[in-house]
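I'm going through one structure today and jotting down what I look up as I go.

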Amino acid sequence: MSKDVSRRSFLTRVPLLMAGTHAGLVLARTSEAAALDTPTRSDVIVETSAGRIRGANVNGIRTFKGVPYGASTAGANRFLPPTKPQPWTGVRDALLLGPQSPQLPGFKTPEIQMMQNLTSNESSEDCLVLNVWTPGTDNGKRPVMFWLHGGGFQFGSGGQPFFDGANLARRGNVVTITINHRLGCVGYLHLGDLGGPAYAKSGNVGMLDAVLALEWVRDNVDRFGGDPSNVMIFGESGGGSKVSVLLGMPAAKGLFHRAAIESGPALTATSREAATRTATGFLNVLGLDKSKLDRLQQVPVGQLIEAQSLTRGGFSPVHDGNVIPANMFEPVATRISEDVPLLIGSNKDEGTFLLQSDAELFTLDEAGLKARVKNSAGGSDEAAERILNLYRQTYPRASPTDQWVQIYTDRSMRMRSITLAERKAAQKKANVFMYFFAWNTVGFGGKYKALHMSEIPFVFDNIGAAETMTHGLPEAKTLAGKVSSAWIAFARSGNPSPSGLPAWPAYSADSRATMVLDNNPRVEVDPAHELRAFWLREEKRRD
């Protein structure tokens with residue numbers, strides 16, 4: 001049930017600091033204030049399974065922000081699977097973004113920060129919230145596009161400006177949803193081999209948060225005009241890895257029906273042994289051991305995040321034999337989601353973003369290039385020469401920087417995407433569609449090219465939030481219309497073709513049909529096949 005109540009907006013064009021229904025205060029973003037500052041606005045009230053919420057009808061899109069899908073994960077709930085939120089009485093405002101997970105700051109150069117248009121939320125362990133954009137709170141049976149943000153399981157939130165779902169909802173008549181969930185040590189501290197049954201799932205609670213959010217979609221999205229039997233999960237970078245993991249989780253089976261992985265193919269999860277070593281190191285930093293695990297729930301969360309920064313090893317989903325019973329795509333594709341169609345791809349120049357910690361990246365000379373390639377080849381001069389000779393032949397006019405970016409990009413993101421796609425397609429149970437995003441950004445002299453994450457504003461049709469990347473070029477807007485329409489078509493039917501792009505054949509190891517996305521979208525068969533074949537041979541050499 002929903003109702004619209006017209007009223008004058010009292011919001012101004014400056015960021016607002018308002019009391020929220022979550023613990024603490026939530027800082028509203030300038031973009032949110034501007035979006036809500038309309039001469040007239042309708043409130044929209046929807047009854048959810050936990051209680052009534054008030055959203056806003058802005059320019060025809062009903063928007064609900066900071067909607068709780070789970071209870072607070074602080075205190076006694078820390079490191080444990082999520083639980084549903086406590087029901088409330090009355091009407092709860094859902095007008096502002098909710099808190100993000102406690103987290104370390106992501107390392108970004110000032111240029112990358114500007115291109116991503118980053119802002120930050122208040123952090124809190126009461127962070128299990130989601131945002132909904134929908135054309136109508138009716139019985140519309142619209143496809144649901146459920147976004148998982150990037151940040152490598154360590155940082156980020158579903159409230160970044162690139163992820164605003166209004167344009168996607170409007171263009172495709174779909175329901176767009178983004179979520180916040182636990183990250184880093186509060187989401188992936190594997191205590192299962194240190195603390196016994198009570199902590200058996202602690203290494204994967206961040207992913208179980210995502211499952212609980214999908215259960216919220218199943219139980220509530222029809223009240224927002226969505227179809228719970230037609231849900232697509234999609235994500236980029238760490239978000240793409242989260243999609244990869246969900247494909248291999250029994251708890252998520254049946255909660256989604258399509259999947260898209262953007263520059264984030266995860267073939268495996270962290271081993272229990274590696275995760276236990278990380279957890280032991282984390283406890284050592286805190287001055288604790290496995291006999292004192294109960295004290296972890298009393299440690300201030302800021303102290304936990306500081307300890308994370310001092311711990312060797314990463315915090316990410318764990319192949320624990322329970323929540324994640326097997327590696328998702330190693331050595332073969334998981335059968336848990338074998339019937340789910342997949343859209344997957346990578347960007348041409350992932351490395352200009354992923355190598356941002358390299359202060360000399362854009363000033364490399366030949367000696368610097370050789371040193372980096374040799375190090376990436378395990379210190380082998382012979383392997384380094386094979387790599388350099390091929391790339392010099394393939395890109396004879398490329399600078400040392402461009403050579404290194406392409407080597408890094410191909411060896412990591414592109415090859416893993418191809419491996420995942422081929423293992424999924426080999427099941428012959430559901431179609432796989434491959435893309436290659438090659439539109440060169442023009443900001444900062446164009447040096448970042450088609451960098452990691454640059455496809456996101458095209459997918460969300462949010463080119464207006466990406467001025468530093470696109471400079472408002474009309475061809476960028478045109479491509480965004482085509483790319484977002486393809487993702488919408490895939491969400492609706494499992495086929496991205498009816499979207500204004502050329503006919504898009506399914507991918508297989510026989511044809512390797514790939515949609516190249518630039519100013520001249522086209523299908524290429526096995527693009528850069530010499531490089532793909534080379535890296536496959538190199539992998540066999542290592543084995």
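**Helix 10**

I started on the outside of helix 10, where Ala367 and Asn375 are exposed. Keep in mind that this is a predicted model. Then I turned to the other residues of helix 10, which runs over residues 366-376: Gly368, Leu369, Arg372 and Val373 are buried there. Those four sit on the same side of helix 10, because they cover an arc of only 130° around the axis.

What do the buried residues of helix 10 pack against? I found helix 11 (381-394) and helix 12 (400-425) as their partners.

**Helix 8 and its surroundings**

Next I looked at helix 8, residues 301-309. I found Leu304, Ile305, Ala307 and Gln308 buried in it. They cover an arc of only 160° around the axis, so they lie on the same side of helix 8. The buried residues of helix 8 pack against helix 4 (184-188) and helix 7 (272-286).

That sent me to Phe282, which I located in helix 7. Is Phe282 buried or exposed? It is buried, with a relative accessible area of 0%. I then listed what Phe282 touches, leaving aside its neighbours within four places in sequence: Cys185, Leu189, Leu296, Leu304, Ala307, Gln308, Thr311 and Phe315. Among these contacts are Leu304, Ala307 and Gln308, which I had already written down as buried residues of helix 8. I also checked a distance here: Phe282 and Leu310 are 28 residues apart in sequence, and their C-alpha atoms are 7.8 Å apart in space.

**Lys141 and Arg142**

I moved on to a pair of sequence neighbours. Lys141 is in the loop between strand 8 (129-134) and strand 9. Its phi is near 50°, a positive value in a residue other than glycine. With a relative accessible area of 48%, Lys141 is partly exposed.

Arg142 belongs to strand 9, residues 142-148. Despite being an arginine, Arg142 counts as buried, at 8% relative accessibility. Which residues does Arg142 contact, once neighbours within four places in sequence are left aside? I wrote down Thr134, Pro135, Gly136, Asn173, Val174, Val175, Gly225, Gly226 and Asp227. I also took the separation from Phe234, which is 92 residues away along the chain: 16 Å between C-alpha atoms.

**Other backbone spots**

I looked up Ser263 as well, and found it in the loop between strand 12 (258-262) and strand 13 (270-271). Ser263 has a phi near 50°, again a positive value in a residue other than glycine. At 0% relative accessibility, Ser263 counts as buried.

Then I checked a proline. The peptide bond from Glu330 to Pro331 is cis, with omega near 5°. Pro331 is in the loop between strand 14 (318-319) and strand 15 (342-347).

**Gly481**

I found Gly481 in helix 15, which covers residues 474-493. Gly481 is buried, with a relative accessible area of 10%. Its contacts, neighbours within four places in sequence left aside, are Arg171 and Asp461. For distance I took Val301, 180 residues away along the chain; the C-alpha atoms of Gly481 and Val301 are separated by 42 Å.

**Whole chain**

Last, I zoomed out. How many helices and strands does the protein chain have? I noted 16 helices and 18 strands. The C-alpha trace spans about 70 × 60 × 45 Å along its principal axes. For 543 residues, a compact globule would have a radius of gyration near 24 Å, and the protein chain has 23 Å, which agrees.

Buried residues make up 59% of the 543 in the chain. Of the contacts between residues at least 6 apart in sequence, 76% join residues at least 24 apart. The protein chain exposes about 21100 Å², with carbon and sulfur atoms supplying 52% of it. I finished on charge: there are 58 positive and 52 negative charges, and their mean positions are 3 Å apart.

Technical notes:
Residues are numbered from 1 along each chain as its sequence is written. This is a predicted model: local features need pLDDT of at least 70, side-chain atom pairs count only at pLDDT 80 or more; totals for chains, interfaces and linings use all residues. Side-chain values use heavy atoms; hydrogens and water are left out. Helices (H or I, at least four residues) and strands (E, at least two) are DSSP runs, numbered from the N terminus. The radius of gyration is taken over C-alpha atoms; the globule rule is 2.2 Å times the number of residues to the power 0.38. Buried means under 20% relative accessible area, exposed over 50%, partly exposed in between (1.4 Å probe, protein chains only). Contact means heavy atoms within 4.5 Å. Accessible areas come from the Shrake-Rupley method with a 1.4 Å probe; for residues, only the protein chains shown count as cover. Lys and Arg count as positive and Asp and Glu as negative; His and the chain ends are not counted. The place of a charge is taken as NZ of Lys, CZ of Arg, CG of Asp or CD of Glu. The arc is that of the directions from the helix axis to the C-beta atoms.
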